[in-house]
Amino acid sequence: MKKIKSVLNTRLGFMTFLILCLWLKTIVTYYLDFSLGIENFLQHFLLIVNPFATLVLLMSVALYFNRGILSYIAMGIIYIADSIFIYSNVLYFRSFSDFISFNSITGVGKVAKGLGTTTLGVVQARDAIYLIDIVIIALLFIFHFIKVDRRPFRKLNAVATTCLGLMLFSADLAGSEANRPQLLGRTFDHSYIVKYLGINAFLPYDSIRSAQNDQVRSTATESEMDKVLDYVHQNYAAPNPTYFGKANGKNIIIIHLESFEQFLIGLKVNGQEVTPFLNKLYHDKNTIAYDNFFNEVGSGRTSDAETMLESGLFGLPAGTSVFTKLGTSNTFQAAPAILAQKKGYTSAVFHGNVGSFWDRNSVYKNMGYNYFFDKSYYDTKNPDTASLNTYGIKDKLLLSESAKYLEQMQQPFYTKFLTVTNHVRYQFADEDNDNFKSTDLDDDEINQYFKTAHYLDKSVEEFFNYLNDTGLSKNSMIVLYGDHYGLDKNSKGDSQHKELATGLFGQDPDTWSKFNETQYQRVPFMIHMNGLKGGIKHTYGGEIDVLPTVLHLAGVNTSQYVQLGTDLLSKQHSSVVAFRNKSLITPKYTVYPNDSGSPTVYENKTGQEIPLKDNPRLAMQADKWLEDVSLKLKVSDNVNNKNLLRFYTPTGFIPVNPTNYSYQNQVQQLVKRRDELGVKSTSIYSRNGNKSTTNLYNTDALQLQDDRSPIDSWSYLGKKEK
Ligand code: GP9
Ligand code: MN
């Protein structure tokens, strides 16, 4: 004990102790909170030793202070800063399945602003282990077990310690390169950097990459756009004449079903349908539904789905989002602007979250959205809607309260309703849901998922009833899609899809593979319109294909636009579905790239991996698909990262001027427009003899049950004006 004490009472000894504590803490996060996909012994080894290099480097800074007390203060600051950094990463990972990146600090701060209690929702009691070390160290000082070593410290020793850190880092890098060649250059996934070089190395790595990106953008030239246009023209799929213009002049209503997965369709839990209304809609004779439609989002989740839907380009590679990284300054040729200019549409987004989330309030202007009704336009005085749910107000409230704005929109309109209640960790009471009886699996998040999906279903049904009762459904095309997976990883980092498949559907856990994970990336995509010859289509496609499909139905020629998907209804539609991690699915195969060597190919029919050495043809084909997918993603990333659309304006398209849009006083803007148009006003309100239709909106939302009398739209709006 004495010996330990005397070592601890030297400056170097104390520093070593701090490094050991931080090392232990980092290892705990690696194994308890981050899912890093450790595959072999070398990876375990690298993971266990990787914190040392950066910790020695960081701590060595404190040794340069000659005076003992200053040096100890510096060590303390470094210790606490790194502890906060590690724990912030734990919370961030629980929310985003990713690590804090340069962009998440500079950009996603705006996302975090809206997160509030949802982020707090990921704090767990066991997180005390991330604090306990600081308490122990403080106690050791208080009880004088450790004293400050005031003897001067030789600079040379400080330099030697820094060199030791650098050497350790080089050794780590060499070991990593041996296990995974080109680690820094070719990164599929952020977890690779953390797995090999450590959590402390990730942020500097990512910051350097971001600085490079900015440089890339400033050196972009017009000629690069020509290459993009060549690519787009080669991959263009002409519209199907049977469907082209079928929705000409109709309102387009997009319903974004938050986190809604395809497996929910038709599913019964305890003998009760989870989503009875959407099931009916799925089979409706006026609905075209897809059962092989995949989400293609990356870390930008909802915002990636929106990026694809509106701009026809993909989200960005792991760690960031087009919206927050580039969307506030990039040039877009997006759906609202195209529809306004080609077909005279008025556009709006309805969303019960704060407008700053994903930077929407600025991105939407660049996309040409006329109106954006964010949380501030909705009634949030009920504590149930206001404080608990920082992803936004409940769907029934959002949709029902939107009616008073929707009925004032000039037709035809292009409107998007972003729901939120089915988001993971959304605070939700069973009473909100007719006490729908969910599963009782071990994972509460999965059990909750069915409940919120059931609620979302009911919310959409109420909205459809309103569309029918007002006659809106007669002249509208309604497009519904699930934005991305709802189930993800549980608190131990295991796949919730696997839990579901084994716990509810009886799949053998030993047969679970990446193939199954891809199968669960299916989300619904439905187009509902009176007079549309419906049916369930088995075409393979994804979110990137929605924009050309919708525009063609609306009768807009898309050949001039930079859109990377192909119309799902076109005979030339490409059925190779690209995922943001560069894997892909085709009607027959699922293909994953490998860091080194040949890809992994699964046969969709059997789910079995096909050995490629016996199948040279398939091996070649798989390589070709992977190349195509990489190229497609690269073209998209180039256009986005280098802001290439600023160099190209399609003939007859007027670039969007964001300063033309204001999301303040939108009710006044709507009234002004209505008054300007006079008898030519096409809003539902005007067409209804200047009478509100909100009394036709029936909801069983608990929060709206108090003697709710039909609302006269204008007096109500007058009160609500911002
Ligand atoms: C928040 C909502 C959820 O406004 O759109 O976003 P997500 O977390 O799914 O990206
Ligand atoms: Mn989402």
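Two residues are in contact when heavy atoms of theirs lie within 4.5 Å. Keep that in mind as you click through this predicted model.

**Stop 1: Glu258.** Select Glu258, which you'll find in the loop between β1 and β2. Leaving aside residues up to four places away in sequence, Glu258 touches Thr302, Thr419, Val420, Asn422, His423, Leu456, Asp483 and His484. Is Glu258 buried or exposed? Its relative accessibility is 2%, so Glu258 counts as buried, because the cut-off for buried is under 20%.

**Stop 2: what the record says.** An unreviewed UniProt entry annotates Glu258, Thr302, Asp483 and His484 as "binding site". They are spread over 227 residues of sequence, yet cluster in space, with a largest C-alpha distance of 7.8 Å. Glu258 and Thr302 are among the residues lining the second largest cavity.

**Stop 3: the nonpolar cores.** Next, pick Ile252, Tyr364, Tyr414, Met477, Phe525 and Val562, which touch the most other members of the largest nonpolar core, a set of 88 residues. Colour helix α24 (residues 616–641) too: with 9 residues, it gives the most to this core. Finish at a second, separate core of 56 residues, including Phe263, Leu267, Ala403 and Val460.

Conventions:
Residues numbered from 1 in each chain as written. Chains lettered and ligands numbered in written order. Predicted model: local features only at pLDDT ≥ 70, side-chain atom pairs only at ≥ 80, totals over all residues. Heavy atoms only, no water. Core = buried A, V, L, I, M, F, W, Y, C linked by side-chain atoms within 4.5 Å. Buried < 20%, exposed > 50% of the residue type's maximum accessible area, 1.4 Å probe, protein only. Helix = DSSP H or I, 4+ residues; strand = E, 2+ residues; numbered from the N terminus. UniProt positions renumbered as here; feature names shortened; annotations may be inferred. 1 Å grid on protein atoms, 1.4 Å probe; cavity = no way out; pocket = protein on both sides within 12 Å on 5 of 7 lines; lining within 4 Å.
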